[in-house]
Amino acid sequence: MVWPFKSKFRKQIARIEITGAIASATRKRVLEALKTVEEKKFPALLLRIDSPGGTVGDSQEIYSALKRLREKTKIVASFGNISASGGVYIGMGAEHIMANPGTITGSIGVILRGNNLERLLDKIGVSFKVIKSGPYKDILAFDRELTQPEAEILQDLIDTSYQQFVQTVAEGRSLAVETVKSFADGRIFTGQQAVELGVVDRLGTEEDARRWTAELVGLDPEKTPCYTLEERKPLLSRLLPGSRQVKSGLGAGIDWLEFEMSTSGLPLWLYRP
């Protein structure tokens, strides 16, 4: 027997917001939200991205989950103030992309940074004795200069990750690989330029993207609401709203510092202004 009444979620658009640097916490939250979208059978998803990018693996896992969900749910990405590098990669998981004319996007490429404190350590008289099983086990060690063979190994690593990025953009936007490479050199560009390059479909606000999403699945754009799937906040934040504002300043800085420290030496799809 076919149940005559549709779930209330079939008449709503799911909304997931991705903000800040993409790392493991972002991945866990977004994957859980995508699972909810599938279980509740939302007809469409509005994916709001306001991120400079982040770690390669986490971005790839979110993208893969979006591609799987896309087989059942229409997905539209809305680029906010910035959707660069890993933010672009995740956006490739959507069928359609809208950005503001002034959105900062692009930065398609890979970056890896390490720290060389050798001169500072010499000044204060600190040195390290290293016993290693192979010549590259301490690659990117902060107490010495990178050797030429190590630089070549890391460059190969970066080039492979870059090729993965370019291939995904080419497939997601139905562009030739060489066309993508012509602007995938780390440069940033505006949403308006992104439309001209074929990275973005249309220009518009998040509200425009919401209306477009509703139209794509045959819902009334004037009446269809968005159901935002948010991470459950700690009890203190729910009881004391002001505590969230304190976190927004100091906490955001601490979060970014933790991200910088935890990703040192990792290839990143991240725009670093």
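This is a predicted model: local features need pLDDT of at least 70, side-chain atom pairs count only at pLDDT 80 or more; totals for chains, interfaces and linings use all residues.
**View 1. The salt bridge between Lys 132 and Asp 138.** The closest N and O atoms of this pair are 2.8 Å apart. Lys 132, by contrast, is partly exposed at 37%.

**View 2. The salt bridge between Arg 187 and Asp 185.** The side chains of Arg 187 and Asp 185 meet at an N to O distance of 2.7 Å. Arg 187 is partly exposed at 40% relative accessibility, and Asp 185 is also partly exposed, at 47%.

**View 3. Thr 205 in the loop between strand E8 and helix H8.** Strand E8 covers residues 202–203 and helix H8 covers 206–216. Thr 205 is partly exposed, with a relative accessible area of 37%. Beyond its sequence neighbours up to four places away, Thr 205 touches Met 98 and Asn 100. The C-alpha atoms of Thr 205 and Met 98 are separated by 7.7 Å, although the two residues are 107 residues apart along the chain. A polar atom of the Thr 205 side chain lies 3.3 Å from the backbone nitrogen of Glu 207.

**View 4. Glu 207 and Arg 210 within helix H8.** The side chains of Glu 207 and Arg 210 form a salt bridge, 2.8 Å from N to O. The two residues are three residues apart in the helix, which means that about one helical turn separates them. Arg 210 is buried at 11% relative accessible area, whereas Glu 207 is partly exposed at 40%.

**View 5. A network of salt bridges.** The network links Arg 15, Glu 17, Arg 48 and Glu 206. The structure as a whole holds 13 salt bridges.

Terms used. Residues are numbered from 1 along each chain as its sequence is written. Side-chain values use heavy atoms; hydrogens and water are left out. Helices (H or I, at least four residues) and strands (E, at least two) are DSSP runs, numbered from the N terminus. Buried means under 20% relative accessible area, exposed over 50%, partly exposed in between (1.4 Å probe, protein chains only). Contact means heavy atoms within 4.5 Å. A polar contact is a pair of N or O atoms within 3.5 Å; within protein, one must be able to donate a hydrogen and the other to accept it, and residues adjacent in sequence count only if both atoms are side-chain atoms. A salt bridge is a side-chain nitrogen of Lys or Arg within 4 Å of a carboxyl oxygen of Asp or Glu.
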